[in-house]
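Hi everyone, thanks for coming. Please have a look at the structure on the screen, and then I'll walk you through a few places in it.

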2 protein chains.
Amino acid sequence: PEKLWQKIVEFAWRLVKLGKEDPRRIVHSIKVGLTITLVSIFYYFEPVYDGLGDCAMWAVLTVIVVFEFSVGATLGRGLNRMLATLVAGALGVGAHRIATQLGGIGEPIVISVFVVLIAAIVTFMRFLPKMKARYDYGLMMFILTFCLISVSSYRDDDTIHLALKRLTTIIVGSCASVIMCICVWPVWIGVDLHNQIATNLEMLGSFLEGYADEYFKVSDEDGNSIDKSFLEGYKSVLTSKPSEENMANLARWEPRHGRFRYRHPWKQYLKVGTLARQCGYKVEALHGYLLSEMQTPLEVRNRLMEPCTMISKESSKALKELASTIRKMTKSSVPDLHVANSKAAAENLKSVLKSDWSKDVDLFEIIPGAAVASVLMEIATCTQQIA
Amino acid sequence: PEKLWQKIVEFAWRLVKLGKEDPRRIVHSIKVGLTITLVSIFYYFEPVYDGLGDCAMWAVLTVIVVFEFSVGATLGRGLNRMLATLVAGALGVGAHRIATQLGGIGEPIVISVFVVLIAAIVTFMRFLPKMKARYDYGLMMFILTFCLISVSSYRDDDTIHLALKRLTTIIVGSCASVIMCICVWPVWIGVDLHNQIATNLEMLGSFLEGYADEYFKVSDEDGNSIDKSFLEGYKSVLTSKPSEENMANLARWEPRHGRFRYRHPWKQYLKVGTLARQCGYKVEALHGYLLSEMQTPLEVRNRLMEPCTMISKESSKALKELASTIRKMTKSSVPDLHVANSKAAAENLKSVLKSDWSKDVDLFEIIPGAAVASVLMEIATCTQQIA
């Protein structure tokens, strides 16, 4: 029992930490709870109940299923659900009409055939990558409502009424979630995406900022402690692709908010994200040299230190400036300046290398560093075009 | 109208292509259609209907929601749904009991408070990464069933009966999906994960196989045509992390099948995957040198060609052998051999470099290649331990 207690405490602590990390999560949870209760109070009032019967429950269920953390996701789900219910309801009623015209034993057979066909085709369509990204939920709801309406017609001939009831309850539920989600402390996934891209650039920037110092000091102190977290921060950049794509998909559903328009160029963010990732791969390579067994002799290092540090610092500044221009959504020529500086430094490094410094072999481990830095620069200029 | 027609044809073509890529998708779609129809025929028979009433519909809905492409996903969803319904149903009945004891106006208030609390807490728990990975659906179902049962009790005092009906219909639906999914052409996500890991290693291997030839030829022909797809194949390795994690999560639900046990060490696959990705980052760096502006003079290249090619070929062989041992699930010493060979080649390269070859600066662009290759080797040995 004591172990159990310990586990519960641990679990509670983890929950508290989760809340501290991002207080919006707590707000979200409360919002969901309140919306569900509001909608279910609806259910409690007699007149509504008389009109909709047991179906009023669907409104509550809709809220639970549709209400997501961000506005984009909630809107996407809500619209998907409403549209799918509308279309599938109409089709279901149509299928029922055709089946009743045949009558007798033909009716269930016709309906079964319809159900198999529609379910199989729509399930198959869910595999299309484009559909999957934006309409997956809608397609599922489509099958669901179609089956509900047409299969219910075995029992109850008033399918139109059923379809309408389903549609209205789902509209009520979806609208309640969407309104609650937008009006009370909204979480805009577009803003999250925006910030994540900027943070990623900052991560890369702070890596490069510290990198040169770190690299040229390795042989002195053999790096013990101080804060080296900046050397690991960029790792998250490397695997950010799917989360960015997902966010961009959801962000497309969001209406105008803050300084984001409805048709904000979310694809541009993906492009910047891709460039940042390529940059991240190169940074990963640089990081590898920190740990590499083959180390450049000190004497050689010292010669190279100045231009390398220059490149690294300047490109770091450029990236950080870029991040802040993205955050502020302004255009600025400061990054260009830093890019130009670091390109000059790269040229400088090249000429140092072309002089008679090629006596020691391992020296040239540093060239890739320079090469990377100059590639980095290209990336930075490229990024500049956007934002 | 002609444009519309064109679009429809295009869409149909895309669907056909999708089916050709992976025929299991077509089988899956048909399976879903049939299962839904089977369960809805159940609904058609009078005795079942009399027992369950309108709730029989839930069985059909369960099939639609639970039936996923792979066995792991279906089982995970089915178990989540059944367990959540059981627990939430019991809690809902309990809440109803407490509320009726108070009676009068107190009843709806107590129930509302319960709903807000439970919904908010469970929604919050869904943010826990561990919960999200495996029990997200179950937690949502928990809220859903709890609200359904306790809110319905406003109207109908027979909550136990309702809860039982819901539980039985959901069990019927889930079991139908799971049985259909396992018995008819099952798609094991574990096998998919297994193959993906092996394919990733092969990709890296075939990159390295062709790399040396490509690199040392660049200045001759300036690379026009032939098949260079192998140079791009590895790109998918770089961003494979989330999909691998997802697959491993789902695979954990799967029972014994083929040569996979129930508690197959799926985490090992993730480790191999991570190593493969690190290797992929290094390969990305190598790829960068192909496109780099700074090119090593021919004369120097020729000197380095032999050991570099050797390293690259041997590590490629090692990776491919590893992939095939993973595929066959055997142990083999062949990869070790290749690793040893390529390590020897790396040593060889080092000594070549240490001789008086350091006249030309850009020469040393190749060192990182060698360094990468030797790191690669370490990775390969590391991978060897598993499989």
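**A walk through the model**

Let's begin with one serine. Setting aside neighbours within four places in sequence, Ser174(A) is in contact with Thr62(A), Val66(A), Gly78(A), Arg81(A) and Met82(A). You can find Ser174(A) in helix α8, which covers residues 159-183 of chain A. Is Ser174(A) buried or exposed? Ser174(A) counts as buried, because its relative accessibility is 0%. Please keep in mind that we are looking at a predicted model.

Now let's step back to chain A as a whole. How many helices and strands does chain A have? The count is 16 helices and 0 strands. Chain A has 387 residues, and 54% of them count as buried. If we take contacts in chain A between residues at least 6 apart in sequence, 81% join residues at least 24 apart. The accessible surface of chain A is about 17,900 Å², and carbon and sulfur atoms account for 63% of that.

Staying with the surface, let's look at helix α1, residues 2-21 of chain A, where Val16(A) lies. Together with Leu4(A), Trp5(A), Ile8(A), Val9(A) and Trp13(A), Val16(A) makes a nonpolar surface patch of about 650 Å². Val16(A) counts as partly exposed, because its relative accessibility is 40%.

Next come the charged pairs. Side chains of opposite charge can pair when their charged atoms come close. How many salt bridges are there over all chains? A search of the whole structure finds 14.

Here is one of them: Arg126(A) and Asp136(A) meet through their side chains, at 3.0 Å from N to O. Arg126(A) sits in the loop between α6 (106-125) and α7 (129-152) of chain A, while Asp136(A) is in helix α7, 10 residues apart. Arg126(A) counts as buried, because its relative accessibility is 14%.

Over in chain B, Asp192(B) forms a salt bridge with Arg24(B), and their closest N and O atoms are 3.2 Å apart. Arg24(B) is partly exposed, with a relative accessible area of 30%.

One more pair in chain B: Glu68(B) and Arg77(B) form a salt bridge at 3.7 Å, N to O. Both partners are partly exposed, Glu68(B) at 25% relative accessibility and Arg77(B) at 22%. Finally, back in chain A, salt bridges that share partners join Asp22(A), Arg24(A) and Asp192(A) into one network.

Note on methods:
Residues numbered from 1 in each chain as written. Chains lettered and ligands numbered in written order. Predicted model: local features only at pLDDT ≥ 70, side-chain atom pairs only at ≥ 80, totals over all residues. Heavy atoms only, no water. Patch = residues over 30% accessible without salt bridge, like charges linked within 9 Å, V, L, I, M, F, W, Y side chains within 5 Å. Areas by Shrake-Rupley, 256 points an atom, 1.4 Å probe, with all protein chains shown as cover. Salt bridge = Lys/Arg side-chain N within 4 Å of Asp/Glu carboxyl O. Helix = DSSP H or I, 4+ residues; strand = E, 2+ residues; numbered from the N terminus. Buried < 20%, exposed > 50% of the residue type's maximum accessible area, 1.4 Å probe, protein only. Contact = heavy atoms within 4.5 Å.
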